[in-house]
Structures are given as structure tokens and as C-alpha cells.
Amino acid sequence: MTIGEWKNALGLPLALLLCGVLFDAAAFAYPPLALTAANDLRMRLFRLARVAAIALPLLALFFSDLAGRAGTESATARRGGRAMVFGAVAMPIVLIAAALTRLEIRLLLPLPAIAVFFAAASAASLARRHAGLLEFSGWRLIAASTAAGLVMGLYAFDTPFVPNFAGPYDGLFRALIRRAHEGAIVSGMALIVLSGALEKKGVAHENRTDRDRRRQIANA
């Protein structure tokens, strides 16, 4: 992939991330008056929308970088990239629409949720072949957490098809599940960032070694 193609691939995730940051800032400054108590379903949906509006574009950004290393000819990179962008766009929109208008819209959440899981699993597959152990481990954590999120979605938003088998929202069991889910996502992203930082440090060290070697040859 050329530098121009790589920049084009990163353009949309960066734009999504900027929109997510602006939305989160606006929601923090001017919270919607239509929402009620903190534990109310509408507030929970809106709060998740704020998180998704930043976290998913970040994942799309990481995926774009990984796909660039895999190459444009990779079918896994193309399909996973489209799924990640769809999830990053659709998830916050569905959550916001459900929170501010009709709660029934939340029944569309499995579509972006499955897309994000597919993209994370695709990223783990790509990282196994085109990245180091840290990045591969990070994407595996994220894929596992998004898979768990699909199960959590069965009870988290009071869906009419599946009874709540995990207890009340404020219960200890559900709180522990949420923390484990969030922790896996954050830990996976941290491993990806750490992998990139170590890789850049290694490249910089190699460049310095090459410069020293060339200087020694020139002085000889």
C-alpha cells in the first residue's frame, strides 16, 4: 500500500473519531433534557452512545493501520474494514435514536454489534500474520469482549424476546460483567498502542544503527 492509499484508508476513521469527540463534548456540555434518571434505560443507551462514538472510531483507526500492513489485496482486510466502519457509524446512531425517540429502535443494535465483532475477529486473524504478539493479543481481547457484548445485549437493554437472566442493572453480578467487558476492550486497545510504540522505537533504533554504520564506513 502506497503512502497516499494509506492516508486515504485512515481518512474516514479519523473523521469518525473527530465526530465522536465533538458529539461527546456537546453531550457533556448540553445533556439532553428528555433523559431521566441515571439508571433509566434511555440514559443507559445514551451513555453507551457517547462511549461508542469514540471507542469504535478508535478501533476503526487501529484496523485501518493493520489493514495497511496486510495489503489492499487482502479480502479479510477489505471485509473487516467495511464491517468496522459500518459498526462505528451505525452503533452510536442507533443508540442515540433509541435514547431520544422510540425505544424500539434498540432492537436494531445486533446489526452493528455483529459487524464490530466480525471486524475484531478479522483484525485478530490479520494480526496473527502481519503483526507482533502484543497487537495480536490486543485484538484477541477485543474480539472476545465484543463476543461477550453480543451475549450481554440479550439482557442489557430489556429486550422483549429474552428474559433478564443476569439480575438487576445495579446488581453486583451485572456490574462485574460490565467492568470485565470494558476492561478487556481498554486493555486490548492499550496493547495495540503499546505494540505500535515499541515497533516505532525499534525502527528508530535500527535507523540509528544504520546511520552509525554508514558513518563508520565513511570515516574508514
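Visitor: Where is the kink in H2 centred, and how many degrees is it?

Guide: First, a word of caution: this is a predicted model. The kink in H2 is centred on Ala52 and comes to about 30 degrees. That angle lies between an axis fitted to the seven residues ending there and another fitted to the seven starting there.

Visitor: How do you know that the span of helix H2 agrees with its number of residues?

Guide: Helix H2 covers residues 41-70, which is 30 residues, and at 1.5 Å a residue it should span 44 Å. Its end C-alpha atoms are 41 Å apart, so the two values agree.

Visitor: What makes the pair Asp40 and Arg42 a polar contact at the start of H2?

Guide: A side-chain oxygen of Asp40 comes to within 3.0 Å of the backbone nitrogen of Arg42. The cut-off for such an N or O pair is 3.5 Å, so this one qualifies. Just after H2, by the way, Gly71 has a positive phi of about 105 degrees.

Visitor: Which way does H2 cross H4, and at what angle?

Guide: The crossing of H2 past H4 is left-handed, with the axes at roughly 35 degrees and coming within 10 Å. On the H2 side, the residues in contact include Leu56 and Phe63, and on the H4 side Val116 and Leu126 are among them. By class, that contact has nine nonpolar, two polar and one charged residues.

Visitor: And what about H3 and H4: how is their crossing described?

Guide: H3 (residues 75-100) and H4 (residues 110-130) have axes that come within 8 Å and cross at roughly 145 degrees. This crossing is left-handed too. Ala83 and Phe86 are among the H3 residues that meet H4, where Ala115 and Phe118 are among the partners. Here the classes are 15 nonpolar, four polar and two charged residues.

Notes: Residues are numbered from 1 along each chain as its sequence is written. This is a predicted model: local features need pLDDT of at least 70, side-chain atom pairs count only at pLDDT 80 or more; totals for chains, interfaces and linings use all residues. Side-chain values use heavy atoms; hydrogens and water are left out. Helices (H or I, at least four residues) and strands (E, at least two) are DSSP runs, numbered from the N terminus. The expected span of a helix is 1.5 Å times one less than its number of residues. A polar contact is a pair of N or O atoms within 3.5 Å; within protein, one must be able to donate a hydrogen and the other to accept it, and residues adjacent in sequence count only if both atoms are side-chain atoms. Axes are lines fitted to C-alpha atoms, for helices over the stretch in contact, and angles run from 0 to 180 degrees between N-to-C directions. A crossing is left-handed if the near helix is turned anticlockwise from the far one by less than a right angle, and right-handed if clockwise. Contact means heavy atoms within 4.5 Å. Ala, Val, Leu, Ile, Met, Phe, Trp, Tyr, Cys and Pro count as nonpolar, Asp, Glu, Lys and Arg as charged, and the others, Gly among them, as polar.
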